[in-house]
Amino acid sequence: MDARTTTRTQLQLAKAGVTTAAMHAVASVERLDAEFVRAGVAAGRIVIPANHHHLNLRPIGIGTDLCTKINANIGNSALSGSVPTELRKLRTAIQYGADTVMDLSTGPDAPRIREAIIARSAVPIGTVPIYDAMRQVEDAADLSADLLLTTIDQQARQGVDYMTLHAGLLRQHLRHAEKRLLGIVSRGGAILAKWMCRHRRQNPLYAHFDDVLDICARHDVTISLGDGLRPGCLADASDAAQYAELDVLGKLVQRCRKAGVQAMVEGPGHIPLDQIQENMEREHVLCDGAPFYILGPVVTDCAPGYDHITSAIGGALGAYYGAAMLCYVTPKEHLGLPNLKDVRDGVVAAKIAAHAADVARGRPGARERDDAISRARVEFDWERQFTLALDPERAREFRRAALRESGTGHTTPQDATISGPETTHYCTMCGPRFCSMRLFQESLRLRRETPGGKRQVATTGSRAKPRRRSDSL
Ligand code: SF4
């Protein structure tokens, strides 16, 4: 039975003991038992963002017990971007391994971009509805609860699979934010803070959370509880503001579950390495195992232009300590709207972080990929190495360019499969005479060909006969 033929959510069906087609699909990809996935969804430890209206969706599961997922943010701004540009970014993000894509468009074309992205995306699409609402008013103070709810409803009907809603940032938290070095760096958080200060009223997303739940339950929109108070620099990490909001997010998780709405929780931000474990564990306890979706964390503030690396370092550690999904960060973070190359670099960096964590957490198939590429490396099977690489095109480009520059390889487009013994059994890093893997293989061959060599090899592993010095290579 597929939830998408009903009006019930994956969570409601899982709780009723139904294993949906989406749950079977997730189990198959994750190499897990479908009942394990159903139980995880029922408990709220796994979410399957799958809006009833997103027709060409390939469902994925997000949860600590599953492989680490990554998200890529795309979308235009008022100053840059268009439908064709954002669709190219969508294709690039998916090509390099994004499991979900968030459309964060804030420019005038936002509704058309969102519609086009949903129609062409097989991966779940997320949004931040307050951006769309903000587009329709002059100032943050002009927003209203009605406009926010209408926008959420419109996007739910359009097929958005998950929505970031900063419902946990409360008016009383603002006094903590005042003490920060960078204050509020989340766009949604900053908009709501201004609204609360102007109207002296509580966050409308919090005040009307039951109405939000009604909409999300009707269309099976997963709520991604946004962290409007995520720290934007190391000095603000793990502070009173961040943790006060997290307490509220934990309570909202329970309200979501009670209403049959799937929920995950968003996390920091900028966090020094030594505080990442504590952050992940605190979320896990306060939010009762709800999937943690983290932005970075960026582990140093000093590397503008390289924040895909600073965030991948934090993301790997975050995922190792239990985060379920990493939001990519591109090299343009803090500097500008990412272009196609930035999207590719950001996705691959996040993919590396996620895979490293999956290897360490023993996720099915993760370590096997590393062992397979290592075998291909020692066999100088370049094509297999490229196939197994997290970015095959980059590996192929580099190999081809290196051979071309050194004058040892072919220089035509047919280089894709570089052949010939002189070019295959080394690379330009060490060259043929210093290629350690080649030298070692020649050593093994000599050893095999040396009279008595086979006998020596056979006895090397024997505990009864310790190796003699002359046995060593
Ligand atoms: S030349 Fe050096 S870097 Fe290249 S394959 Fe051989 S050992 Fe590895």
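The structure described here is a predicted model, in which local features need pLDDT of at least 70 and side-chain atom pairs count only at pLDDT 80 or more, while totals for chains, interfaces and linings use all residues. Residues are numbered from 1 along each chain as its sequence is written, and side-chain values use heavy atoms, without hydrogens and water.

Helices and strands are DSSP runs numbered from the N terminus (helices: H or I, at least four residues; strands: E, at least two). Helix α14 (residues 307-320) packs on helix α15 (residues 340-360) at an angle of about 25°, with the axes 8 Å apart. Axes are lines fitted to C-alpha atoms, for helices over the stretch in contact, and angles run from 0 to 180 degrees between N-to-C directions. The helices α14 and α15 are therefore roughly parallel to each other. The table lists the residues that make the contact (heavy atoms within 4.5 Å).

| Helix | Contact residues |
|---|---|
| α14 | His308, Ala312, Gly315, Ala316, Ala319, Tyr320 |
| α15 | Asp345, Gly346, Ala349, Ala353, Ala357, Ala360 |

A closed barrel of 8 strands runs β3-β4-β5-β6-β7-β8-β9-β10 with parallel pairing, where two strands pair if DSSP finds at least two bridges between them. Neighbouring strands of this sheet are turned by 25° against each other on average, direction ignored. Ala72 has Val101 of β4 as its bridge partner.

How values were computed. Angles under 35 degrees count as roughly parallel, over 145 as roughly antiparallel, 65 to 115 as roughly perpendicular and the rest as oblique.
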